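This report describes the fold, the overall dimensions, the surface and one annotated span of a single protein chain. Please keep the sequence and the model in view while reading.

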Amino acid sequence: MQIAQHTVVTMTYTLTDDQGQVLDQADAAQPFAYLHGADNIIPGLEKQLVGKQANDSLTVTVPPAEAYGEYDERMTQQVPLSMFEGVPAEQIVAGAEFHAQTGAGNQTIRIAAVDDNSVTIDANHPLAGVALTFDVTILNVRAASAEEVAHGHAHGEGGHHHH
């Protein structure tokens with residue numbers, strides 16, 4: 001069976017950034033499963049998997065625009081350190097992430113820099129502006145159940161488990 005809309009794909013992958021650093025992986029012991037066509041994975045990877053089948057291996061490089069978007073300077077902002085009143089100092093460090101209610105809803109914000117009086121916050125996805133390379137091996141492709149299609153994700157082995 002070929003990968004198409006409403007198929008459940010089980011695969012292994014290694015994800016690297018443009019420096020060759022491994023960012024994430026799923027191996028045969030803990031494969032990754034997703035429902036194709038339900039926006040479960042980044043668009044640039046999903047598009048390249050159409051028509052593939054079990055035992056196919058491929059390397060896909062996804063440009064930022066088809067992954068987590070281009071880096072947007074407008075999504076960084078300098079705010080007074082006093083906005084973090086009540087937060088322990090050891091949590092106010094570059095790289096720390098927190099959830100904030102913004103005009104765009106609940107967002108993950110990353111601290112980019114801290115100085116004596118201000119904090120630079122960054123609402124870009126940590127992988128914004130990064131080209132991503134996936135080394136993928138397709139283990140299995142099957143038709144999705146009606147329940148999986150209705151829920152918008154894979155169930156069972158390697159997929160989402162309801163409790």
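## Fold and basis of the model

The protein has two helices and nine strands, where helices (H or I, at least four residues) and strands (E, at least two) are DSSP runs numbered from the N terminus. In sequence order these elements give the pattern β-β-β-α-β-β-β-β-β-β-α. With a radius of gyration of 19 Å, taken over C-alpha atoms, the protein is well over the 15 Å that the globule rule (2.2 Å times the number of residues to the power 0.38) gives for 163 residues, so it is more spread out than a compact globule.

The model is predicted, so local features need pLDDT of at least 70 and side-chain atom pairs count only at pLDDT 80 or more, whereas totals for chains, interfaces and linings use all residues. Residues are numbered from 1 along each chain as its sequence is written, and side-chain values use heavy atoms, with hydrogens and water left out.

## Dimensions and contacts

The C-alpha trace spans about 60 × 35 × 30 Å along its principal axes. Of the contacts (heavy atoms within 4.5 Å) between residues at least 6 apart in sequence, 62% join residues at least 24 apart.

## Burial and surface

Of the 163 residues, 36% count as buried, meaning under 20% relative accessible area with a 1.4 Å probe, protein chains only. The protein exposes about 9500 Å², of which carbon and sulfur atoms supply 48%, as computed by the Shrake-Rupley method with a 1.4 Å probe.

## Annotated span

An unreviewed UniProt entry places the feature "domain: PPIase FKBP-type" at residues 6–80, and such annotations may be inferred rather than shown by experiment. The end C-alpha atoms of residues 6–80 lie 48 Å apart, and this span is 9% helix and 40% strand.

Methods. Buried means under 20% relative accessible area, exposed over 50%, partly exposed in between (1.4 Å probe, protein chains only).
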